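Dear colleague,

My notes on its sheet, its helices and its nonpolar cores follow.

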Amino acid sequence: MEFIILSLLLLSLALYSLYYVLIKPKPTTQNLPPGRKGWPFIGETLEYHALSKRGCIEKFMSQRMQKYSSKIFKTSYLGADMVFLCSAEGNKLLFSNEHKLFKPWLPRIIENSFKSSPNITLQDEFNSLRRVIGSFTEPNALRRYVGMMDANAKRHLRKYWDGNDVVKVHDLSRKFIFALCCELMYNIHDTRTADELENLAHCIMTEFFIIPVNIPGTKFGRAVRAGREFHQRFRNMIKQRRLEIEEKREPEHKDILSLLLLEKNKDGEDLTESEIALKMQAVLIGAYDNPSIAISTIIKFLAELPEIYEQVLREQMEIANSKGPDELLSFDDLKRMKHTWNVISEVLRMEPPNSGTFREALTEVTIDGYTIPKGFKLHWAVNATHKDPECFPNPEKFDPSRYQGNDIVPFSYVPFGAGPHICPGKGFARLKLLVFFHNLVRNFRWEKIIPDEKMIRNPNLLPEKGLPVRLYPNN
């Protein structure tokens, strides 16, 4: 089926190319950024994803940065004229002018799949989610989650890691993060339910960001079906939670579902079940995907850099030795994990889980001397500034000491975005990673079974073979 769809697309492209050659578009007088658009309709989308799947996304960037400009170039991606921003200055302009010069953007078919109502804009959708996530991750709430996360990490390691000589890291990191998010965000404690939801979420994330052709049998079609089932599962949870509220059996702490039930639409009315379900889906996938990828990547780097592993272990043992035998971690303990967080930060620089998101120009904008017309799409390319030697000297060297002072070029380190619209879940993600590695390094050492296994993007980062490792218990 995928082959048939691709053949039809190529035939259409050939016919359109002939039309394009015979009836050329009028030349523009605007000073657009340098670059090329590639094939009609699909642009350079296929090349981008082909290189991503081979672990060569930086090649796509570097070739165009060398040929056109080190700071900005134009292309056509995901069916849209698009500008890639490759500098800290471009990032600053983008992140500092949300609502003024730029608004969030997704391809229409994907946007419609994630928006909770056809009458709401993507910007309003994001603002609503930021409010809910902000309430869920306010400081007092984060303090309360630490002990729960610690208990979850201990249970997970006992169940899936203890007694095994070999484990597949990426599968287990997804399982841990998803189950943790289900429990804290939606009060889902049943392992089977969490596993079923995780399989649906994985299908959505791995098969959505391709050529968006919603035809049965295609990968995108499977992702759409998974999204519908995900949606129905959440609607059932909403009915159950409303019943619990009526019977005064609501969870003690305000989880995401409780907060969404309090949300109003722009007319001041309660959200419908469908609107709440779509917001639940968006929040859960966002909270699960990147942290689970980060765990796999950190484990990979610690296997390759034993001296860094020893530094992390030493810090975590100092914290563990200061606590009672069965005492859970506290929020204050996490403040002492400075070097561990520097190590994690350096991993996120070298291998950011997300390659960046998209904006649309609300008006004509000038960037680095080039004109970005109104309606043009923009992509802030995380890898570009993370590997820029002007921002990070010797960028291929793993160096956690980069983060000890305040020498990072503003808006160059952007795994969570930056500025006023930095990811609202950053603090929550930080807790998940620190708590997990506090438990993991104290219990295990490991080595990669496939020494040269690559990290690829499909569309987000993941180990090509799932990162199998051999475990050695720390006695």
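Strand 2 (residues 80-85) and strand 8 run parallel and are joined by four bridges. In this pairing, Phe 84 stands opposite His 379 of strand 8. Please bear in mind that the model is a predicted one.

Strand 8 (residues 377-380) also pairs with strand 5 (residues 358-361), here in the antiparallel sense and over three bridges. Opposite Leu 378 of strand 8 stands Arg 359. Strand 5 in turn pairs with strand 3, again antiparallel and over three bridges, with Lys 103 opposite Glu 360 of strand 5.

Together these pairings belong to an open sheet of five strands in the order 1-2-8-5-3, with mixed pairing. Its edges are strand 1 (72-77) and strand 3 (102-104), each of which pairs on one side only. From one strand to the next, the twist averages 35°. Helix 2 (residues 45-53) packs on the sheet, where it touches strand 1, strand 2 and strand 8, and its direction makes about 100° with that of strand 1.

The side chains of strand 8 deserve a separate remark. In a regular strand, side chains alternate between the two faces of the sheet. Accordingly, Lys 377 and His 379 point one way from strand 8, while Leu 378 and Trp 380 point the other way; all are buried.

I turn next to a pair of helices. The axes of helix 8 (residues 169-186) and helix 12 come within 8 Å and cross at roughly 145°, and the crossing is right-handed. Residues of helix 8 in this contact include Val 169, Phe 176, Cys 181, Met 185 and Tyr 186, and those of helix 12 include Met 280, Leu 284, Tyr 288, Ile 295 and Ile 299. By class, the contact comprises 17 nonpolar, four polar and two charged residues.

Finally, there are the nonpolar cores. The largest has 94 residues, of which Trp 161, Met 185, Tyr 186, Phe 230, Ile 299, Leu 302 and Trp 446 touch the most other members. Helix 12 (residues 273-304) gives the most to this core, with 14 residues. Which residues does Ile 299 contact, leaving aside its neighbours within four places in sequence? They are Trp 161, Val 169, Phe 436, Phe 437, Leu 440, Trp 446 and Leu 467. Another core, of 19 residues, lies apart from the largest one; Tyr 48, Met 61, Met 65 and Met 82 are among its members.

With kind regards

Terms used
Residues numbered from 1 in each chain as written. Predicted model: local features only at pLDDT ≥ 70, side-chain atom pairs only at ≥ 80, totals over all residues. Heavy atoms only, no water. Core = buried A, V, L, I, M, F, W, Y, C linked by side-chain atoms within 4.5 Å. Buried < 20%, exposed > 50% of the residue type's maximum accessible area, 1.4 Å probe, protein only. Helix = DSSP H or I, 4+ residues; strand = E, 2+ residues; numbered from the N terminus. Contact = heavy atoms within 4.5 Å. Pairing = 2+ DSSP bridges. Axes fitted to C-alpha atoms, helices over the stretch in contact; angles between N-to-C directions. Left-handed = near helix turned anticlockwise from the far one by under 90°. Nonpolar A, V, L, I, M, F, W, Y, C, P; charged D, E, K, R; others polar.
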